[in-house]
Amino acid sequence: MIPYQMPSLGADMESGFLREWKVKPGDTVKRGDIIAEVETQKGIIDIEVFDDGIIGELLIKVDDKVPVGTLMTHILTKDEAAAGIKPEKLTVQQAATAVSPPPVQRHIKASPLARKIAEEKGIDLASVKGTGPDGAITREDVERTTQKTVPAERSVSENVRMAVAAAMSKSNREIPHYYLDTTVDMTKSLTWMAEANKKLPLQERLLPVVLILKAAALACREVPDLNAWWENGPVKKDHVNIGFVVSLRSGGLMVPSINDADQKSLAQLMVALNDVIPRARAMKLKSSELVQTTLTVTSLGEGAVESVYGVIYPPQVAILGFGGIHEAPWAENGMLDVRKVMTITLAADHRATDGQTGNRFLLAINKNLQQPEKL
Amino acid sequence: MTEDQIKSVVFRLLKTVAPDTDPTQLKPGDNIRQSLSIDSFDYLQFIVGLDKELGIQTPEEDYGKIGTLKELVEYVSSRRPLAK
Amino acid sequence: MTRLTYREALKQGLREALQSSDKVFLLGEDVGRYGGSFAVSKGLLQEFGPDRIMDVPLSESGFTGAGIGAALGGMRPIVEIMTVNFSLLAMDQIVNNAATLLHMSGGQLNVPLVIRMSCGIGRQLAAQHSHSWEPLFAHIPGLKVVSAGTHEDARKMIMAALLDPNPVILFEYTAMMNLEADMEDPLPAVDLSKAKLRKSGKDLSLITYGSGVYKCLHAAGELAKEGMEVEVLDLRSLRPIDTEAIVASVRKTHRALMVDDAWQSVSISSEVSARIMENCFYELDAPVQRLNGLEVPMPYPKHLEDAAIVQPSQIVNKVRQMLG
């Protein structure tokens with residue numbers, strides 16, 4: 001019997017709302033199957049199971065707020081399911097109490113009950129005026145605030161904005177960034193791509209972004225230090241899962257991960273993008289596309305400004321920025337020419353790596369882009 | 001196919017890739033991608049859509065010829081005779 | 001429904017106990033011919049005879065020990081220690097014998113003994129005769145400690161205590177002897193292990209026992225006129241304490257005020273406060289508060305004696321503060 005707990009869908013996630021169970025007790029599931037929809041600040045996310053087996057009793061009701069780590073159900077083996085093993089209710093309570101104490105907010109005088117309610121309803125106690133003894137905030141004060149704020153519940157796009165705000169603030173607060181940039185000649189890559197596209201049906205045409213993604217993914221293999229997480233120390237990752245920044249037309253952004261991007265062909269990458277970008281825009285991503293990212297890439301595309309310096313998404317240790325491809329004078333072998341060029345920037349965590357690592361990484365990407373046929 | 005018919009298909013396709021915009025407000029000389037902030041990915045979806053709806057295969061080297069609404073309508077009518 | 005004094009309720013309880021079995025007998029100072037120093041046992045000697053109502057020499061240690069011996073021998077003695085103030089002289093018998101024999105004998109020897117004592121202030125009895133020492137006894141494993149804060153409990157607790165196979169300390173209240181109240185007849189038996197909700201309310205829990213119960217009910221009545229619905233929980237059992245009832249009440253009202261006349265430091269109210277913190281901290285909407293007797297030797301003058309114990313007006317004021 002394997003416990004299935006509310007996964008953390010990002011370093012900043014504390015809880016999510018269960019919106020739909022996609023399974024019922026007794027259903028057979030395989031690793032990777034989607035079992036529920038959870039609404040987080042990043043929209044509705046399909047959550048997957050990590051084990052094969054049979055779904056046990058569903059311990060959480062739809063629309064409940066579920067703190068990360070709360071037991072949601074069990075994955076049973078065939079024998080266990082046949083034997084009719086029912087997970088004990090007790091474990092639910094244990095899981096709930098294990099996470100229930102709200103974080104202490106210092107310097108604000110509020111009763112434990114007021115804190116608990118504020119935490120549940122997502123109210124910042126700093127914005128509540130206390131009327132209790134010594135001006136302490138009481139339950140009544142919080143509830144008065146709730147009544148005022150409830151009608152103005154945040155829209156999904158506002159939630160996305162707040163999630164981006166929280167993650168970026170944390171990053172800037174905690175991560176000492178260092179920055180490198182280089183401009184590369186894109187002529188070879190673009191020429192090669194144009195030739196390749198002539199032979200491809202319209203639907204399979206490549207975009208420059210897949211070349212960029214592949215070049216970055218291969219560079220991750222060559223310089224693994226940047227394909228890592230900071231978890232009380234640098235931890236290199238075995239898989240190369242490239243997070244691709246998709247800006248939402250309503251503002252905010254989503255960063256779905258193209259998992260094992262280094263193993264995928266350009267055509268496969270294009271298929272992956274065709275699949276994931278519309279879902280990112282609709283905020284319908286799977287948990288495995290959000291929580292395993294090892295390096296983020298932001299690409300401005302054609303017609304955009306020349307360079308973009310990213311803010312690292314924790315716990316990753318680097319973010320690559322690809323500027324707009326544009327024509328520029330290019331000096332080579334003592335000759336001046338006009339070429340299509342692109343500026344690549346790297347923002348990296350100085351706790352995890354130093355400038356020399358970043359230098360090798362950018363050089364590796366440039367080398368890969370000069371050999372498009374090998375991508 | 002009349003100019004209006006072409007426009008109506010184009011507007012519908014643009015609306016699909018950029019649902020929050022109003023393509024009918026485009027002036028003939030406006031650059032479509034810049035005006036509606038359509039990225040390369042969405043633009044490719046638009047080109048695929050043109051093919052599906054009108055049977056027009058736009059090679060990559062022609063992208064430069066269809067920047068504005070006016071250019072696009074002309075490009076489509078040249079590839080697809082007005083009268084059926 | 002009959003109207004009777006607390007004293008009369010105690011006597012009825014004693015009579016019921018004595019009638020229930022020949023093994024039950026009462027022993028204590030002046031319980032027989034004098035009729036009890038508070039006249040609780042007046043007339044019982046004539047009714048039950050000298051073998052059942054036994055006057056004893058002035059030796060708390062001696063007659064408490066005799067009671068323990070009788071209990072070990074299969075009798076059901078009720079020992080009356082005139083007041084809690086004299087119980088210190090019997091403390092070795094109570095703590096080292098009554099409370100421990102079951103343990104020391106490896107579970108072979110029960111001590112089915114009931115010790116009654118009158119507790120708290122009387123009428124200007126001064127520092128040596130006005131003690132509220134429920135906490136001293138509630139500290140000791142091996143004892144059950146109960147407190148009769150109402151007429152109903154004064155009437156029914158003796159019988160329930162006698163049915164317990166282990167030693168039970170029963171506190172009665174000197175200051176309440178003449179207090180009259182209406183009582184249902186017949187009364188249901190009491191469960192000594194459970195606290196009792198004397199009044200239900202949603203705004204605040206007054207948690208009390210003994211002499212605090214009627215004071216809290218009085219205060220709750222006053223507060224109701226101001227629209228505050230205050231709950232009164234009578235602990236009744238001070239060992240063991242009914243944590244479940246306390247938590248249930250605090251979960252409902254989110255505010256708790258403990259009221260009792262004992263000195264505050266290391267008291268029942270300290271213990272209840274700790275249990276609230278341990279079990280329902282996140283239910284609290286205000287800091288737990290306590291009202292206790294002042295930590296001084298009890299003064300003799302009436303106005304100072306009044307000032308040294310909890311008064312209903314203090315409870316009313318404290319609740320008003322806590323409810324903002």
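Reply: Happy to! Let's start with one residue of chain C, Asp30(C), which has a relative accessibility of 36% and therefore counts as partly exposed, since that class runs between 20% and 50%. Asp30(C) sits in the loop that runs from strand 2 (24-28) to helix 2 (44-48) of chain C. What is the phi of Asp30(C)? Its value is near 65°, which is positive, and Asp30(C) is not a glycine. That deserves a second look, because most residues other than glycine have a negative phi.

Before going further, please keep in mind that this is a predicted model. For chain C, the mean pLDDT is 96, and 100% of the residues reach 70 or more. For the complex, the predictor gives an ipTM of 0.79 and a pTM of 0.53.

Now to another residue with a positive phi. Val266(C) is not a glycine either, and its phi is about 55°. You can find Val266(C) in the loop between strand 13 (256-263) and helix 10 (268-280) of chain C. Is Val266(C) buried or exposed? Its relative accessible area is 74%, so Val266(C) is exposed, the cut-off being over 50%.

Most peptide bonds are trans. The bond from Asp185(C) to Pro186(C) is cis, however, with omega near 0°. Pro186(C) belongs to the loop between strand 8 (180-183) and strand 9 (196-199) of chain C. Another cis peptide bond links Arg239(C) to Pro240(C), and here omega is about -5°. To locate Pro240(C), look at the loop that connects strand 12 (237-239) with helix 9 (243-253) of chain C.

With those details in place, step back to chain C as a whole. How many helices and strands does chain C have? There are twelve helices and 14 strands. Of the 324 residues in chain C, 57% are buried. Among the contacts in chain C with a separation of 6 or more, 82% are between residues 24 or more positions apart.

Finally, here is how two other chains meet. On one side, 17 residues of chain A are in contact with 26 residues of chain B. Leu202(A), Arg205(A) and Arg249(A) supply 46% of the area that chain A buries against chain B, more than any other three residues. The total area buried between chain A and chain B is about 1600 Å², and carbon and sulfur atoms give 48% of that.

Two salt bridges are found across the interface of chain A and chain B. One of these pairs Asp39(B) with Arg281(A), whose closest N and O atoms are 2.9 Å apart. Five residue pairs are in polar contact between chain A and chain B, counting pairs with both residues at pLDDT 80 or more. Which elements give two or more residues to the side of chain A that touches chain B? They are helix 6 (187-198) and helix 8 (266-281) of chain A. Helix 8 of chain A gives the largest share of that side, six residues. By class, the side of chain A that touches chain B has nine nonpolar, five charged and three polar residues.

Key. Residues numbered from 1 in each chain as written. Chains lettered and ligands numbered in written order. Predicted model: local features only at pLDDT ≥ 70, side-chain atom pairs only at ≥ 80, totals over all residues. Heavy atoms only, no water. Contact = heavy atoms within 4.5 Å. Buried area = accessible area lost by both parts, 1.4 Å probe. Salt bridge = Lys/Arg side-chain N within 4 Å of Asp/Glu carboxyl O. Polar contact = N/O pair within 3.5 Å; in protein donor to acceptor, adjacent residues only side chain to side chain. Helix = DSSP H or I, 4+ residues; strand = E, 2+ residues; numbered from the N terminus. Nonpolar A, V, L, I, M, F, W, Y, C, P; charged D, E, K, R; others polar. pLDDT = per-residue confidence, 0-100. Buried < 20%, exposed > 50% of the residue type's maximum accessible area, 1.4 Å probe, protein only.
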